[in-house]
Amino acid sequence: MIARSNSSGDYVVLAVSLGLAAVFIYAGVAKMRDALDFADNIAGFGIVPAAFINLLAFALPPFEVGCGLLLLWPPTRRVAALAMALLSVMFFAVLLSALVRGLTLDCGCFGSGAPSRPRMWIELGIDVVLFVGSMFVYLRSIVRSALSTT
Amino acid sequence: MTSAVSGRLPQARSFGSQILRDLGGVVLLALVALAAGLVMNRVSSRPLPIVYQTPEQRFDAELTTLVTAPPFKIAPAATVGLEEFLAAVKGKSALIIDARPAVFFEQGHVPGALNLSRERFARDYRRLAPVLKPAVDKPVIVYCSGGDCHDSRLVANALLSLGFSSVSVFTGGWIAWSEARLPVSTGSGQ
């Protein structure tokens, strides 16, 4: 019985991981297409100092692609899931702060587009879903590894 | 009860150490991603500088490049003499551009001229954009001090690069205008 529930849980983890990996790899590749546009998107939020904007624009797309790829490999799944959860929290906080300040921006989350507040709200919702998904994968993995060591 | 609590403590410690180890992995992943991003930027066809430049700063840099290193592909602007220039000034048939530094412009310039100096081209161009942009299809005549001055040619070529269709240079410049004792305006005039 336990074995059966574990194995069905594994399938859920695998399915969620595949979904998250697809979203993060897509988002990373979309941002890589135009680093300049993405840097302008980051600057639009008015949070990151100018000295770090381009560095963030260079690092974030490979980071997202890396998270997506590492999530597909069981030994690195936990690190990738934690990174995704932290990233989702960061995206959520930044988007929410922009919405609270009354800004209408293109967050550049999935490549460049037209600035739109409804889209910012949708992306805020996506961040919540990504956070829940990645925390689910992380907690399942950490509990599983703790159980296997005891 | 005691044994249950003492059993949970090592488990909690184990969770804590695992989370710390995972956070270390996240930091390592971030560093690798930054290194990969820097390499990708370096080999890209349009590498970005390390420090971000706003769209305005990039535009300024582009405009400044136009007047510091004019592309050789652009044909030299046509030239006009004093008579033709005077007719254009009187008839207001062309946009007159003074390419000299602001300090000379303020001391005296051709009436109706706009100060688009070679020296501060980017800043002046942005300031004059509301007047210049609607005039891209109109005749434009640029002058500077006269004689051997190159500012008028550089500004004229920059305007051609920016899409102005009819740009010429009044080669006599300010020297020819003032020697002919023609009307003079002073001050910034804008």
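Helix axes are lines fitted to C-alpha atoms over the stretch in contact, and the angles between them run from 0 to 180 degrees between N-to-C directions. With that in mind, and remembering that this is a predicted model, select helix 2 (residues 55–68) of chain B together with helix 5 (residues 121–132) of chain B, whose axes come within 8 Å and cross at roughly 115°. As helix 2 of chain B passes helix 5 of chain B, the crossing is right-handed. To see where these two elements touch, show the side chains of D60(B), L63(B), T64(B) and V67(B) in helix 2 of chain B, which meet F121(B), A122(B) and Y125(B) in helix 5 of chain B. Coloured by class, the residues of this contact between helix 2 and helix 5 of chain B separate into five nonpolar, one polar and one charged.

Next, move to chain A and select helix 2 (residues 35–44) of chain A with helix 3 (residues 50–71) of chain A, which pack at an angle of about 125° with their axes 9 Å apart. Angles from 65 to 115 degrees count as roughly perpendicular and those over 145 as roughly antiparallel, and helix 2 and helix 3 of chain A are therefore oblique to each other. The crossing of these two helices of chain A is right-handed.

Now bring both chains into view and select the place where they touch, at which 24 residues of chain B are in contact with 24 residues of chain A. On the chain B side, the largest share, 17 residues, comes from helix 1 (residues 2–43) of chain B. That side of chain B has 16 nonpolar residues, seven polar residues and one charged residue.

Is strand 5 (residues 166–170) of chain B mostly covered or mostly uncovered? Strand 5 of chain B is mostly covered, since four of its five residues are buried. Strand 5 of chain B pairs in the parallel sense with strand 1 (residues 78–80) of chain B over three bridges, and labelling the residues shows A78(B) opposite S168(B) and V80(B) opposite F170(B). Strand 4 (residues 139–143) of chain B also runs parallel to strand 5 of chain B, joined to it by four bridges, and here V142(B) stands opposite V169(B).

Most residues other than glycine have a negative phi. Select K92(B), in the loop between helix 3 (82–91) and strand 2 (95–98) of chain B, which has a positive phi of about 50° although it is not a glycine. K92(B) counts as exposed, with 10 C-beta neighbours inside 10 Å. Then select R181(B), in the segment after helix 7 (173–179) of chain B, where phi is near 55°, again a positive value in a residue other than glycine. R181(B) is exposed, with 7 other C-beta atoms within 10 Å.

Conventions. Residues are numbered from 1 along each chain as its sequence is written. Chains are lettered from A and ligands numbered from 1 in the order in which they are written. This is a predicted model: local features need pLDDT of at least 70, side-chain atom pairs count only at pLDDT 80 or more; totals for chains, interfaces and linings use all residues. Two residues are in contact if their C-beta atoms, placed from the backbone, lie within 7 Å. Ala, Val, Leu, Ile, Met, Phe, Trp, Tyr, Cys and Pro count as nonpolar, Asp, Glu, Lys and Arg as charged, and the others, Gly among them, as polar. A crossing is left-handed if the near helix is turned anticlockwise from the far one by less than a right angle, and right-handed if clockwise. Angles under 35 degrees count as roughly parallel, over 145 as roughly antiparallel, 65 to 115 as roughly perpendicular and the rest as oblique. A residue is buried if 20 or more other C-beta atoms lie within 10 Å of its own, exposed if 12 or fewer, and partly exposed in between; C-beta atoms are placed from the backbone. Two strands pair if DSSP finds at least two bridges between them.
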